Amino acid sequence: MVQRRGAGGKDGAGGVAEEAHVPLQAILLADSFAQTFRPITLRKPKVLLPVAGVPMMDYTLEWLAMAGVEEVFVFCCAHSTQIRAHLEDAGWMRPSASSQHQQGQQQGGGVRRGMRVSTVVAHDCVSVGDALRHMDHKGVIRGDFILVSGDVIANVSLTHALHQHRERRRKDKQAVMTALLRRCPSTALTHLTRTGSESQVFGVCPDSSQLLFYEPPPDPLTATATGKLASVAGGRRSLAVSVERAVWQGHRRLALRTDLEDCGIDICAPEVLYLYTDNFDYQHPRRDFLRGILSDDIMGNKIFTHEVSAQYAARIDTLRAYAAVSCDVLHRWAFPLAPDCAFGGHSGRTAVNRGNRYREEAVSVARSAVIGPDTLLGEGTVVAERAQVKGSVLGAHCLVGEGAVVEGSFLWGGVTVGAGAVVRHAVLCDGVQVMAGGRVNEGCVLSFDVVVASDHVVPAGTRIAREQQPEEEDSDDENTEGHGMASVRRHKGKAGDDEEEDGEEDEEEDEEEEEEGEEEKERLSDEDEDEGPCDVDAVGQGGRGFAWPPRTPPAAAMVRRQSLAPITAQEIAELARLAIEREEGEEGEEEEEKGGEGGAALVGGEDEDEDEEEDGEDEFSKEVEEMFKRAVAEGVAQDNVVLEVNALKLAYNRSFADCAGAMFTGMLNLAASHTPPGAPTKELLASTRAVVTRWTSLLRRFLKGTDDEVEVLLTFEEVCNETRPEFAPVFVNVLETLYDKDIVSEEAVMAWAEEKQFADAADKVFVERSAAFIKWLKEAEEEEESDEE
């Protein structure tokens, strides 16, 4: 048994000094212990994959520095040599004399922005549980610490969450963890289309924020899959959750939440490490640890939650989430972590233009090329004549040939897209070449140095790597993805060995890994020269690479739903149907369920219901507006947009008037984003007219009558008064445009004016401004009636 340590475990003045200040520490997990990014992670660790041109881990480290963390232990398993090299190159581990003396057994170390960063390497770990047991054995954690995955991008402040955690710890030492959860839309449609995964169920006591119940999402590899989104358990999983009465014993209320997204950030007491050490069956931090603590009635340990709503935090655990978070970064949700800001090893020397168009230095774009919104062009990138780049991120020194099309895709460093080639909704890693006329379809992943032959079409959803796929499936950990790591070299029971010896063995394994990696690169280079074997069906004659197909139907379904491929109309319709079924299934259920003695109400009282309804209206509007923004950026067909909005309408129990109002707000926000701040009013008016003209047919599909048209005008008033006052001077001009485009009828304008007839003066401002236009409508109507007579 490992000897337990405490903050006051040292004697004398040294112990008092240590108690006086225990630095805020963090454990950053630089290994995902998963296969979702294969075959990319065969060559490069996931935490070093670029998001808007910056490695994921730099976002996490920068956020930790912003949050006031003083010491970070980066836990490495696979590709540790690459990770340490990046930390040094980016300046995170720039050595100083004091840090070298204090680091002891850790590998390397340095201080930046007051935060000391060092690495801990253990190649024999195959899960998060193994990693935390190894950290407990190291004995470097001295107090409360932040546990975070290296694929987290966040700007959330930890001040309030840390204060709450420490206050709870002061009163109750069994409050061992606070999990950060981000409030997100609760519909299956929005969650699945954004991350490609099912939502989780968190049972939280609203009064204390204590987590009482947790139901993880079903494992798609073991569940029966039909190939459709939300098909696991028929899309009705939330209705089948069973909660025992003992779960809420002693709590007045229990809220079952499906609108909370796991941020991958936990504030932990040191006891968390002890619990992992004492329970070797704790492997996964949610499926095992969370559920294990909640089901353990003997020890009485407690887990609490902290809800994030106004700030940003998200984890990149699937390729679909990678695309969604990358788009969020371009939209500046994670500011100050943005492409034009300097952090990590990123210089921040990036120009930002209207429509979230980013350009780094030495970019060359031909005059006839089209660069769409939500696009980043990396340093030295060249876009040739008549080429199109829309909603995509291009790394440094990419080449897009004449007439080529890149849409909704992510091209990393040194990628070549030949003349006339097409790449849509795909990931192309460093050194990939798509020769002239080639086509890479939706959902494809081309790993490092893959070559697609001229005029070859890569089928949708194909994953290709230069390495051949092994005949037998290996373990689930990313550990085996490093070259030279085909087997685990040491047994887990070696936890009692000397730390210095452990560090020496890790260094030897790192050297072996680096040598074998170099040998693999030389072998691939030799194959290039000798025109070695390849999968002709995948890359064409003369290409380079091998397909990595899923091994089972459930795996294929998971790959499809977690890929970058756009959601099809059929899949959206299926989700909408499931939403209707869910509503019908819940109609007969009671609003409240109360237990006997010590029971809990599952739903609050009338006041709470009213608050939740208001919050629901805000959430619905935000969801529709964000969905419209994505539709514009990604070129989604209008039929698919209508299906998505209808699904939201059913899920939130809203009317067509609500849909029309939220959609029109999104159109106004789009017009404002296309107009530089401080620009003349005529530019805003021109931009608004262009947007309204472009999306008239879409907005009309939610206008079922005069009442819906009046809602559009009321929404316009609200926008002018509250969120977008710059539209107030052009209100009448935009009103005339809406009338000319048959979005609002003269009956709707008259009904709007009559509704305001007895309102306060402040509520009649825009009606009075429109008096001349309303008078003209009345006179035109009278003339028409006169002509008819």
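## Methionine 435

Methionine 435 sits in a loop. That loop runs between strand E30 (433-434) and strand E31 (439-440). The model is a predicted one. With a relative accessibility of 31%, methionine 435 counts as partly exposed, because that value falls between the 20% limit for buried and the 50% limit for exposed.

Which residues does methionine 435 contact, once its neighbours within four places in sequence are left aside? They are Gly418, Ala421, Val451, Val452, Ala453 and Ser454. Alanine 421 is 14 residues away from methionine 435 in sequence. In space, the two are 7.0 Å apart, taken from C-alpha to C-alpha.

## The chain as a whole

The chain has 789 residues. Its secondary structure comes to 24 helices and 36 strands. Of the residues, 53% count as buried.

The chain exposes about 34,500 Å². Carbon and sulfur atoms supply 46% of that area. Now take the contacts between residues at least 6 apart in sequence. Of these, 63% join residues at least 24 apart.

## Two cis peptide bonds

Arginine 38 and proline 39 are joined by a cis peptide bond. Omega there is about 0°. Where does proline 39 lie? Its place is the loop between strand E1 (25-29) and strand E2 (50-51).

Another cis bond runs from phenylalanine 335 to proline 336. Here omega is near 15°. Proline 336 is also placed in a loop, between helix H10 (319-330) and strand E16 (351-353).

Is arginine 332 buried, partly exposed or exposed? Arginine 332 counts as partly exposed, because its relative accessibility is 27%.

Asparagine 356 is not a glycine either, yet its phi is positive, at about 55°. Asparagine 356 lies in the loop between E16 and strand E17 (357-359). Its relative accessible area is 21%, so asparagine 356 is partly exposed. The reason is the cut-off: buried means under 20%.

Terms used
Residues are numbered from 1 along each chain as its sequence is written. This is a predicted model: local features need pLDDT of at least 70, side-chain atom pairs count only at pLDDT 80 or more; totals for chains, interfaces and linings use all residues. Side-chain values use heavy atoms; hydrogens and water are left out. Helices (H or I, at least four residues) and strands (E, at least two) are DSSP runs, numbered from the N terminus. Buried means under 20% relative accessible area, exposed over 50%, partly exposed in between (1.4 Å probe, protein chains only). Contact means heavy atoms within 4.5 Å. Accessible areas come from the Shrake-Rupley method with a 1.4 Å probe; for residues, only the protein chains shown count as cover.
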